[in-house]
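Below are some notes for a colleague opening this entry for the first time. Please read them with the structure in view.

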Amino acid sequence: MHKVLLLTTAVACSAGSGQVAGSDQAGDAATGSQRVAAGDIAITKVSLFQGVESVVMENGGEPEKAQAPLLADRLGMLRVHWDRLEGFADRTVVAQLTYDDPEGNPVVQELSTFVDRDSSEPVLSDTFNFDVEAATIGQGFSPTVTLLEESADVAPTGNADAGTWASGALEIEQSDSIDLVIFPIRYDADGSGRLPDTSPEQMLALADKFAATYPVTTINVIVEDPYPVDYALTSSGLGWTELLDELSSLRVRADVRENTYFYGLFEPEPTLAEFCGYGCVLGLAYLAPSTSDDWARVALGTGYSGDVTIDTALQEVGHSHGREHAPCGVSPADPQYPYPDAKIGVMGYDNIHGEMVPPSAKDFMSYCGPVWISDYTYNAILQRVQALRAPNRVAGQGGSWRRVRTDREGGLHLGDAVSLKRPPGGAPEALRVFDAEGGLLAGVTGYAYAYAGLPGGGFWIPDVPGAVSVAR
Ligand SMILES: [Zn+2]
């Protein structure tokens, strides 16, 4: 089978404008003397951004509100805020970041900037912003930042402690990579054989936005061979649940890691405008509330070039992680969502474009934009990723099960038998199965599942030999 494998961890882009990365020598090589700490400027806040802000220190102490966990092996941006103290004279100040990487090797990074005002929250260039490589963040990560005079000729004055911050060992959690397996749907229903955009540019843009927002170490995007579909996929959602179930059965049979998500891309019309002119379904997923439901780690979306495809995929794969909609432009929505209008609620950092993302941006689980990820969704997806790190948490076979699809009129349709690796989750409901003559074979317990994005859903029931129909 031909596969194109694209790997990415989000690429580090340049820090704020006006900052100059310096040498890694703390001393002045020409004179042998040491630069002194700047005594008239204070470090007021330090945050590590790995998608969203995690405040590490604020006004000398720990933040009151719980922060997003810091993750090992994930690219970070350490942001250092300052306040000028009384008598500060405008000048260039050097910030020196030092820490040991997980192998114990010392890392020294320097930035310098001309300081003529205090730091402000939204302005990236008003803070020192260190890109911290993924591989250097691990257990024992304990950065120190010192604000130094630019020249070694300056005598110490003021309070050198104000411009020095040492974190102590920070609490660092482990995450995991996720595999996103793309199925380019060959759309044969209209005889066109049309394929979605799986160009390297589009797939890298997709991978970059996942890597920048999802709390993972790496996104592996794997593009499969084209997958032919000869039935119509309409803008009102007809055909979508059948295709989702097909890919779900593929996912169940595949020998893949737990943190693997199948994603079907397709173009039922030549352009997005033609497909969506009168409103449309852009994506579909199962709402996957249980970590045991590997059959639910599958989703669909339109595959036209550009951001709509990417932002749709962020949301659909979010549903595959058990996330409900965030409350903006869509109802019903997650009643636990903590911020009004699906705001992300905290500062974000977009390392693709090297830009701050304001707390007023919208969570990608909503129908509003522009989108980023909230700390709430970040934490929730991280918990799922961490829960699926351990291989096969449930021992033994899940046995043979059959999917029962509900149609829009509430009718129940029995699907083929599928071997699940473990019993399905979901709310139990009593169902009855019948043989070909309409005779009652057995009463069974069905386990309900729901779609995110379309009404309806279905059940998993144990496979009963001879069953051909099912009823409530
Ligand atoms: Zn959705």
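**Notes on the model**

1. Helix H5 covers residues 375–387. At 1.5 Å a residue, its 13 residues should span 18 Å, and the end C-alpha atoms are 18 Å apart, so the two figures agree. The model is a predicted one, and both figures are computed from it.

2. Which residues of H5 are buried? They are Asp375, Tyr376, Thr377, Tyr378, Ala380, Ile381, Leu382, Arg384 and Val385. Among the elements that cover these buried residues are strand E13 (178–187), helix H4 (307–320) and strand E21 (362–363).

3. Helix H2 runs over residues 240–253. From its first C-alpha to its last, this helix of 14 residues reaches 20 Å, close to the 20 Å expected at 1.5 Å a residue. Its buried residues are Trp240, Thr241, Leu243, Leu244, Leu247 and Ser248. These lie on the same side of H2, because the arc they cover around the axis is only 155°.

4. Turning to the strands, an open sheet is formed by four of them, in the order E4-E3-E6-E9, with antiparallel pairing. Strand E4 (53–58) and strand E9 (128–132) are at the edges. Each of these two has a single partner strand, so one side of each is left without a neighbour in the sheet. From one strand to the next, the twist averages 20°.

5. At one end of that order, strand E3 (residues 41–49) pairs with E4 in the antiparallel sense, over five bridges. Lys45 has Glu58 in E4 as its bridge partner. E3 and E4 form a hairpin with three residues between the strands. In this hairpin, Gly51 takes a positive phi near 125°.

6. What does E9 pair with, and over how many bridges? Its partner is strand E6 (residues 76–84), and the antiparallel pairing runs over five bridges. Leu78 stands opposite Phe130 in E9.

7. On confidence, the protein chain averages a pLDDT of 90, and 91% of the residues score at least 70. Over residues 1–17 the pLDDT is below 50; this stretch has 45 contacts in the model beyond near neighbours in sequence. The pLDDT is also below 50 over residues 23–32, a stretch with 12 contacts in the model beyond near neighbours in sequence.

Terms used
Residues are numbered from 1 along each chain as its sequence is written. This is a predicted model: local features need pLDDT of at least 70, side-chain atom pairs count only at pLDDT 80 or more; totals for chains, interfaces and linings use all residues. pLDDT is the predictor's confidence in each residue, from 0 to 100. Two residues are in contact if their C-beta atoms, placed from the backbone, lie within 7 Å. Two strands pair if DSSP finds at least two bridges between them. Helices (H or I, at least four residues) and strands (E, at least two) are DSSP runs, numbered from the N terminus. Axes are lines fitted to C-alpha atoms, for helices over the stretch in contact, and angles run from 0 to 180 degrees between N-to-C directions. The expected span of a helix is 1.5 Å times one less than its number of residues. A residue is buried if 20 or more other C-beta atoms lie within 10 Å of its own, exposed if 12 or fewer, and partly exposed in between; C-beta atoms are placed from the backbone. The arc is that of the directions from the helix axis to the C-beta atoms.
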